[in-house]
Amino acid sequence: MMDTTLYNQFPQWSKVYNEGHFLVGTDDLDSQASISILNQVFGYEQNCYATRQGFFMIDWNIKQHIGVDLALHGDRKCYDNHVTMSHWDSPVNPNSANINAILKISQDNYTKKCAFSTLLQVMSLLDVPLPPTDDGKRFLLSIDSAHLGYFNNYFRGTWLKYMELLGFHELIDIVKKENAYNDIQAVKIDEKLTFDNGILTFDSDRKARAEKHLGYELYLPQGQFKPRAMFYSAYTTKDDGRELLNNDMLFSVAMTSKKNISYSIYDSVLD
């Protein structure tokens, strides 16, 4: 269970069902496994899919959405794990259920970030049990390379601090086992989903392996996504961070290192 002080700092909406809301996913397993948890706990369905090229929807009439593993800008609801502040005094999305946003991690103190997966944060926040097997726990740690910080001498203390805050002491036991790094790497899979002709899929063999380890069926939306908006996506540096974060057309933004920023801006909205 998540540390009580940290839990109380997460936005209230992220802990309860939000009627009329649907989910926005991205192109990897971290997003889809997190969506699967949210579907199980709250019954949310996925209506949108975001890439660096654009924003795709099944039903254009649905207006209320929650991003998953997506650092939405402004005050839009999202579950996320990215660093979203370029400077210590940058604006923070108040509706971001994101430990890095809550603890004001920026490019100024980037090495103090929680470098886990969105999935681990969602599971901790909603008190979802860990997989019952050791291999399942190893697989969970492999998603979005959430295990790597422990095996870096410089980041190990930070990694352990955040794992304790999330209440995952069993995962600490896993990384301390002999040959833990190799065992985690051995269960890791290619996490990319396929988006083709508006249909979102996941390779059946990889899907079966993921479901076996996680202990639940991966949710995939039924329906065809159609383009709703196109993005201009690019990379820039911290020097442009202040101006970028004040851009009203900014859709999503993530600080990918102490100096670099990845972002997507609305280029056009389709009728």
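**Close-up views of a predicted model**

View 1. At 1% relative accessibility, S106 counts as buried. This model is predicted, so keep that in mind as you browse the views. S106 belongs to the loop that runs between α3 and α4. Its side chain reaches the backbone nitrogen of D108 at 3.0 Å. Leaving aside residues up to four places away in sequence, S106 touches V83, M85, S86, H87 and W88.

**View 2. Two loop residues have a positive phi.** Look here for K104, whose phi is positive, about 60°, although K104 is not a glycine. K104 is found in the loop between α3 (99–102) and α4 (118–125), and with a relative accessible area of 45% it is partly exposed. D144 also has a positive phi of about 60° and is not a glycine either. The loop that holds D144 lies between α5 (134–142) and α6 (156–166). D144 counts as partly exposed, at 33% relative accessibility.

View 3. How many disulfides does a search of the whole structure find? The search finds 0. For C48, the closest cysteine sulfur is that of C78, and because the two sulfurs are 14 Å apart, they are too far from each other for a bond. C114 is in no disulfide either: the nearest cysteine sulfur, again that of C78, is 15 Å away. Both ends of this view are hidden from solvent, as C48 counts as buried at 0% relative accessibility and C114 counts as buried at 1%.

**View 4. Tyrosine 49 meets phenylalanine 195.** The structure holds 17 aromatic pairs. One of them joins Y49 and F195 in a tilted arrangement, 4.3 Å centre to centre with 35° between the planes. Y49 lies in strand β2 (residues 46–50) and F195 in strand β7 (residues 194–196), so this pair ties together parts that are 146 residues apart in sequence.

**View 5. A cluster of aromatic rings.** Which residues make up this group? Ring pairs link F116, Y150, F151, W159 and Y181 into a cluster.

**View 6. Charges over ring faces.** K161 lies over the face of Y162, at 4.5 Å from the ring centre. In a second example, R228 lies over the face of W60, at 4.5 Å from the centre of that ring.

Technical notes: Residues are numbered from 1 along each chain as its sequence is written. This is a predicted model: local features need pLDDT of at least 70, side-chain atom pairs count only at pLDDT 80 or more; totals for chains, interfaces and linings use all residues. Side-chain values use heavy atoms; hydrogens and water are left out. A disulfide is a pair of cysteine sulfur atoms within 2.5 Å. Buried means under 20% relative accessible area, exposed over 50%, partly exposed in between (1.4 Å probe, protein chains only). Helices (H or I, at least four residues) and strands (E, at least two) are DSSP runs, numbered from the N terminus. A polar contact is a pair of N or O atoms within 3.5 Å; within protein, one must be able to donate a hydrogen and the other to accept it, and residues adjacent in sequence count only if both atoms are side-chain atoms. Contact means heavy atoms within 4.5 Å. Rings of Phe, Tyr and Trp (its six-membered ring) pair if their centres lie within 6.5 Å; planes under 30 degrees apart count as stacked, over 60 as edge-to-face and the rest as tilted. A charge sits over a ring if NZ of Lys or CZ of Arg is within 6 Å of the ring centre and within 35 degrees of the ring normal.
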